[in-house]
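Please look over the fold and the aromatic contacts of this protein chain. A brief report follows the structure.

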Amino acid sequence: MKNFRYINSVLGVCLFAFGFLIFREAGNYVPEIEIDGQVGAHAFPQLFAVALMVLSALMALLDLKKLTKPTTASFAGIGAVAVTAGFCYAFWYFLPEVGFLIMAPLFACTVTAITTRRFRIMDMIPVLLVVFAVYFVFANLLKVPVPAGFLG
C-alpha cells in the first residue's frame, strides 16, 4: 500500500480524539501557585483543544461530503513526520526541566528546519518572534506562569 486516499477523514478523526484528550487532561490541571487575576492555567490548552477539534471535524466532514478534492497521502515522507513527532514528545518531556525560553525556540526552529528541509536564518526570525510573543502574552499579560526550568 504505497498511497492511501481520503487521508483527511482518517486524520480528522484521530486529531479530534487527540483534541478531546487534551481538553480533558487540561481541565484536571491544578497549578501549584495561583495568582489573583490570573486566567486559569488550563485555559490555553483547552482553547487549543477546542480549536483542534473544530478544525479536525471540519477536515473530516469536508472530505466525507466530497466538498474537497480527495487527498492522496504518500508514505515516502513518513521519516520527517516520525522525527517531528519525536521532537514534540521531547519538547513536552523536557519543558519543565529546561524551561520555556530555551525549549520553545529550539523546538520551533528545529521543527521548521525539518519540515521545510532547509535552515535559513530568515525563516527562523519570524519563528523566534512568535515564540517570544507567546511568552510575553502568557507571562506578562495573562500572568500564566510558564516553566522557568533551570533559569529560574
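## Fold and aromatic pairs

The protein chain has five helices and two strands. This is a predicted model. Along the sequence, the elements run β-α-α-β-α-α-α.

The protein chain has 152 residues, and 25% of them count as buried. Among contacts with a separation of 6 or more, 72% join residues 24 or more positions apart.

Now the aromatic side chains. The count is five aromatic pairs. One of them is Y89 with Y93: the ring planes lie at 20 degrees, under the 30-degree limit, so this pair is stacked. Both residues sit in helix 3, which covers residues 78–98. They are four residues apart, about one turn of the helix.

Y93 also pairs with F94. Here the planes stand at 85 degrees, over the 60-degree limit, so the pair is edge-to-face. The two pairs are set out below.

| Pair | Distance between ring centres | Angle between planes | Class |
|---|---|---|---|
| Y89 and Y93 | 6.1 Å | 20 degrees | stacked |
| Y93 and F94 | 5.0 Å | 85 degrees | edge-to-face |

Together, Y89, Y93 and F94 form one aromatic cluster.

How accessible is Y89, buried or exposed? Y89 has a relative accessible area of 60%, which is over 50%, so Y89 is exposed. F94 has 40% relative accessibility, between the 20% and 50% limits, and therefore counts as partly exposed.

Notes: Residues numbered from 1 in each chain as written. Predicted model: local features only at pLDDT ≥ 70, side-chain atom pairs only at ≥ 80, totals over all residues. Heavy atoms only, no water. Buried < 20%, exposed > 50% of the residue type's maximum accessible area, 1.4 Å probe, protein only. Contact = heavy atoms within 4.5 Å. Phe/Tyr/Trp six-rings, centres within 6.5 Å; stacked < 30°, edge-to-face > 60°.
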